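Let's take a walk through this structure.

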Amino acid sequence: MVLSLHSLLFIFASLLFTQILADAATCSDCFINSRAAYYQNSDEQGTETGRCGFGSFGATINGGDVSAASDLYRDGVGCGACYQVRCTNSKYCSDKGVTIVITDHGSSDRTDFILSKQAFGRMAQTTDAAASLLSLGVVDIEYRRVSCSYPGKNITIKIDENSNYPHYLAFVLWYQQGKTDITAVQLCETQNFVCKLLDRSHGAVWTTTSPPSGPVSLRMLFSGNDEDQKWVVPLNNIPQDWKAGDVYDSGVQVNP
Ligand SMILES: *[C@@H]1O[C@H](CO)[C@@H](O)[C@H](O)[C@H]1NC(C)=O
């Protein structure tokens with residue numbers, strides 16, 4: 001077979017183009033350039049008062065490696081999502097960076113993240129480098145979404161302190177693994193299976209007035225970035241005498 005130079009070039013260009021398309025398709029894993037600051041005023045670690053409404057969980061989650069997000073907060077849908085964040089100054093910064101969980105909403109000087117002080121320092125190669133990073137205050141970073149992982153934990157239902165049995169039920173979901181978002185939650189009566197879609201009042205907080213009476217089962221809709229959606233039904237019901245402040249094990253977890 002004899003190929004002209006022209007057709008060889010054409011084949012080569014086509015292969016190159018196919019490769020570029022393939023790269024673009026896997027680019028949910030690519031790093032994106034941005035900037036990050038850290039909480040100046042408060043604790044080294046997480047915060048109980050983050051806008052996501054995680055409460056005490058927000059202070060201790062992921063060992064205190066947490067962050068406020070600006071656009072990535074996505075009206076609360078981004079609460080609980082995990083990101084690998086690494087600063088780009090090769091003098092101070094490690095390749096690995098730090099993995100954080102979104103627990104709050106906020107932005108600083110053109111930043112996507114306001115990290116806990118501890119998480120910010122963890123992007124450094126050494127303790128000395130961490131001190132240098134902290135003195136800069138805001139740094140260039142790159143980030144990508146990664147799976148959250150909570151070994152030995154099931155998704156856990158925390159009844160919000162503002163709930164008022166039996167008229168008003170509000171709760172957050174703790175320990176959501178993986179890289180998908182919880183985009184809808186339903187409460188279903190366990191007797192006749194009538195279900196009710198809940199409202200996301202703010203952050204990660206799901207609420208309903210006049211919740212079903214009796215034991216109720218939960219349904220959570222997990223949505224990925226390629227349109228795939230999956231309803232997950234916990235093994236355990238919310239008991240019929242639920243109380244503000246209670247914590248219930250759902251008995252299920254999704255894969256990281
Ligand atoms: C998670 O749920 C399973 C039931 O699906 C249960 O056996 C296990 O003890 C739960 N794990 C924790 C840490 O509560």
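Strand 9 and strand 10 run antiparallel to each other and pair over 3 bridges. A strand here is a DSSP run of E with at least two residues, numbered from the N terminus, and two strands pair if DSSP finds at least two bridges between them. One of the bridges puts Gln186 against Leu197 in strand 10. The hairpin of these strands has 5 residues between them, and there Phe193 takes a positive phi near 60 degrees.

Before going on, a word on where all this comes from: this is a predicted model, in which local features need pLDDT of at least 70 and side-chain atom pairs count only at pLDDT 80 or more, while totals for chains, interfaces and linings use all residues. Residues are numbered from 1 along each chain as its sequence is written, and side-chain values use heavy atoms, with hydrogens and water left out.

**The sheet around strand 9**

Strand 9 also pairs with strand 13 (residues 216-223), again in the antiparallel sense, over 8 bridges. Along this pairing Val185 stands opposite Met220, and Cys188 has Ser217 as its bridge partner. Zoom out and you get an open antiparallel sheet of 4 strands in the order 10-9-13-14. Strand 10 (195-197) and strand 14 (229-232) are at the edges with a single partner strand each, so one side of each has no neighbour in the sheet. From one strand to the next, the twist averages 25 degrees (axes are lines fitted to C-alpha atoms, and angles run from 0 to 180 degrees between N-to-C directions).

Which residue does Arg74 form a salt bridge with? The partner is Asp181, with the closest N and O atoms 2.9 Å apart. Asp181 lies in strand 9 (residues 181-189) and Arg74 in the loop between strand 2 (66-69) and strand 3 (82-87), so the pair ties together parts that are 107 residues apart in sequence. The whole structure has 9 salt bridges, each a side-chain nitrogen of Lys or Arg within 4 Å of a carboxyl oxygen of Asp or Glu. Arg74 also has a positive phi of about 45 degrees, although it is not a glycine.

Pro166 sits in the loop between strand 7 (156-159) and strand 8 (168-174).

**Around the ligand**

The residues around the ligand are Gly152, Asn154, Leu235, Asp249 and Gly251, each with a heavy atom within 4 Å of it. The table lists polar contacts, meaning pairs of N or O atoms within 3.5 Å.

| Residue | Part of the residue | Distance to a ligand oxygen atom |
|---|---|---|
| Asn154 | side chain | 2.4 Å |
| Gly251 | backbone | 2.6 Å |
| Asp249 | side chain | 2.9 Å |

The protein covers 41% of the 360 Å² of accessible area that the ligand has on its own, as worked out by the Shrake-Rupley method with a 1.4 Å probe.

Key: A polar contact is a pair of N or O atoms within 3.5 Å; within protein, one must be able to donate a hydrogen and the other to accept it, and residues adjacent in sequence count only if both atoms are side-chain atoms.
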